[in-house]
Amino acid sequence: MTLKPGSISELQESLSQSRRVAGVSLEAVAQLIEHVPEDMTATVQAGMSLADFQAHLAKAGQWLPIDPPNPEALTIGKLLANNLNGPRRFGCGTIRDWVIGMAVVLPDGRVIRNGGKVVKNVAGFDLCRLFVGARDTLGIIVEATFKLSPLLEAEAHLAKPCESLGQAEALLDKIWDSDLQPTVLDLHRIDGEQLTLVAGFAGPSADVEAQSGAASALGFADEVSLDYDARFRRTASSFISVAPGKLISTLQDLGDESFVARAGNGVIYHTSAKPTEAPSLELQQRVKEIFDPKGVLAG
Amino acid sequence: MNSKADKKNLTRRLAEIVGEDAVLTDERELVVYECDAYTLQKNLPTAVVLPRSTQEVAAVVRLCAGLDLPIIPRGAGTSLSGGVLAVDGGVIIALTRMNRVLGIDPRNRRALVEAGCVNAWITRDAEEHGLFYAPDPSSQPACTIGGNIATNSGGPHTLKNGVTTNHVLGYEMVLPDGSIEWLGVEPDGGEEVGGYDLRGAGIGSEGMFGVITRALVRLTKAPSAFKTFLGVFDSVDQASQTVSDIIAAGIVPAALEMMDQLITQALEEAYHFGFPLDAGAVLIVELDGLAKGVEQQARLVDEICRRNNASEVRLAKDDAERAALWKCRKRAFGAIGRLSPNYVTQDGVVPRSRLPEIMRFIRSVSDKHRLRIPNVFHAGDGNIHPLILYDERDPDQVKRALQAGDDILSKCIELGGSVTGEHGIGAEKIDFMSRQFAEDDLEAMQQLRRVFDPDKRCNPHKMFPGAKRCAEFAPKKQVVA
């Protein structure tokens, strides 16, 4: 059964009475609770779409620095539960780096808060990080507070077609050892198109100009959009993850298969990728048993 | 562990694991371990062991589990909230002999270190690759990575770079049953780890989940340009407004620190940096990144300082002056000894926009309790560090000092903040937990604790209301790093 509660208390009520829930849709719980631009923080209910949230924040010149595919259709709750991100991950980190507090309805119907609304806070254990990426199997995130960033003053994404993975590797090494500080560093080969390295720069306009200049000396030319990421991940949502230094050798093993890779992070999206398996299995199971002893949340 | 025979037996069995030179049971030696830098509560542990390997740690932990003895992991003991206090005795497992940098991996920008490795050593070893370890608590020449992970340490440069949890990829932990687990990213592994984020959940768990023995940390590319300003203001209000205006202008400095007059005067007397003695407040603003962008932002910061009537905006002229400035800032607590025989360091957080309000409130608390309260703090994060000065020889002053701390932290909660931004709850702030969190919130934290330590034997009597206290609970001089 998928729940569609009209409010947080309705969700509490339903969960406390349910034996098994296949999923929760929170579209009715989608208010912006607070955005305090001077604090660079905002609190939002989990049913709001990421795109709507960003639109609110942009009014005050801020954003949540995360760029997963399809922000119009992605709720804040799913963003957190599935720990999603996009090409800017290399420069901006993941959503775990930006969430500072949340409210969660536990499988027994209790609502708990963890963290807070200040950017630095070590009072109590950090449950926020546990719930991020837990795929709604330990509790349902109903509200989250984020720290924010100023909107980027300037941004440029440049592409360099590569003849081979070897050439791409040499270029990546050059970038790695240079003064460049890319926020995007992607390598992709989609549906037989040419292998392409993408480097993105963001920040003060003077920096972006200077870095773009330095990148063009390495052969980066055309300004490109990053929409290849969303397009490709529609069919390939799974990834494998390796140490960044093992990226190229891993890609070599893929043969001709299409891929989009976060070269700076060592994350490779491709069609036949199998989801990463959890280590410390016994501990993992204990978490589930303790937070959801009756197995209400199927995830 | 009551009888002499029991203790002798424990000493012998610990020595069988770690060797006689790595077991302390003599009271004269144990006294070093009776507290951390929070000295209001003290108690002697039953024993201290100084293991040299993860296997030794695991064997000690298993032995203690068999004897039902508490274990207390400890790094350098620089923590400020009594986090390593042996409240009810038990075996302190000190990681100070496991202090090696095991490897720097420049290609993957990672370092593998033992838990007792000193924070500053990582940057020392990574520097030649143009890399550094970002979190920089003021105690970084002494504090250990294991302790940093346990308390999710911050530092002046966390405004832009984030705190420990943003920079620790994974770590090895000996659980209270003696099993060894690696949580998070493995030394040669990818940064995406399947399953629940137990790594993240364990960071900031204040030594209550297990003994951290090794850590894999993220290294950051060193910025190529810095500009470090000293902004001099007549009043704390003007300086606070400047902080808000810098943030509102869309600038995220690497650090944004404030010191009030009492602090700058004490610092000047101690270190002769050249701080103005008549300034109500001084801001340190550090921008870092690439040369062009830093210049662009520097012009804006200079303008904002002047718009807020800064009487002087001084730019550090070279790396040496910049280093001297930070050395001064990080030794600020040390200079307080010149002002007062005793002091207690508070650590609270408010939303940044409430800084002027909390600073005014601290002044009123200072007046009300007739105690001087200098301030040196991470203004950009809203993380305040009022230092409440008192004289322990005067019992009434001691009482007023404790009450002043309570007033300030209560106000932090009221303003939507937190009672600790980086020092932790430990033994000190237990009573505040039920004021900042609801009962269900605390129960959920206890659920997480049960995952790691169902018997509550690892660093017990901390964090949660209802915990046991030390018999000796008397305010003493607090030395702070």
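**Exercise 1. Which handedness does the crossing of helix 13 of chain B and helix 14 of chain B have?**

Solution. 
- Helix 13 of chain B passes helix 14 of chain B in a right-handed crossing.
- The model is predicted: local features need pLDDT of at least 70, side-chain atom pairs count only at pLDDT 80 or more, and totals for chains, interfaces and linings use all residues. Residues are numbered from 1 along each chain as its sequence is written, with chains lettered from A and ligands numbered from 1 in the order in which they are written.
- Helices (DSSP runs of H or I, at least four residues) and strands (E, at least two) are numbered from the N terminus.
- The axes of helix 13 (355–369) and helix 14 (395–414) of chain B come within 10 Å and cross at roughly 155 degrees. Axes are lines fitted to C-alpha atoms, for helices over the stretch in contact, and angles run from 0 to 180 degrees between N-to-C directions.
- Helix 13 and helix 14 of chain B are therefore roughly antiparallel (angle over 145 degrees).
- Contact means C-beta atoms, placed from the backbone, within 7 Å. Helix 13 of chain B brings residues including Phe361(B) and Val365(B); helix 14 of chain B brings, among them, Ala404(B) and Ile408(B).

**Exercise 2. How are helix 1 and helix 3 of chain B packed, and by which residue classes?**

Solution. 
- Helix 1 (4–18) and helix 3 (54–67) of chain B pack at about 155 degrees, with axes 9 Å apart.
- That makes helix 1 of chain B roughly antiparallel to helix 3 of chain B.
- Their crossing is right-handed.
- Leu10(B) and Leu14(B) of helix 1 are among the contact residues, as are Val60(B) and Leu63(B) of helix 3.
- The contact divides into 8 nonpolar, no polar and 2 charged residues. Ala, Val, Leu, Ile, Met, Phe, Trp, Tyr, Cys and Pro count as nonpolar, Asp, Glu, Lys and Arg as charged, and the others, Gly among them, as polar.

**Exercise 3. Is Met463(B) buried or exposed?**

Solution. 
- Met463(B) lies in the segment after helix 16 of chain B.
- Its phi is positive, about 70 degrees, although Met463(B) is not a glycine.
- Met463(B) is buried, with 27 other C-beta atoms within 10 Å. The cut-offs are 20 or more for buried, 12 or fewer for exposed, and partly exposed in between, with C-beta atoms placed from the backbone.

**Exercise 4. Which helix of chain B gives the most to the side that touches chain A?**

Solution. 
- The contact takes 72 residues from chain B and 62 residues from chain A.
- Helix 16 of chain B gives the most to chain B's side, with 8 residues.

How values were computed:
Contact = placed C-beta atoms within 7 Å. Parallel < 35°, antiparallel > 145°, perpendicular 65-115°, else oblique. Left-handed = near helix turned anticlockwise from the far one by under 90°.
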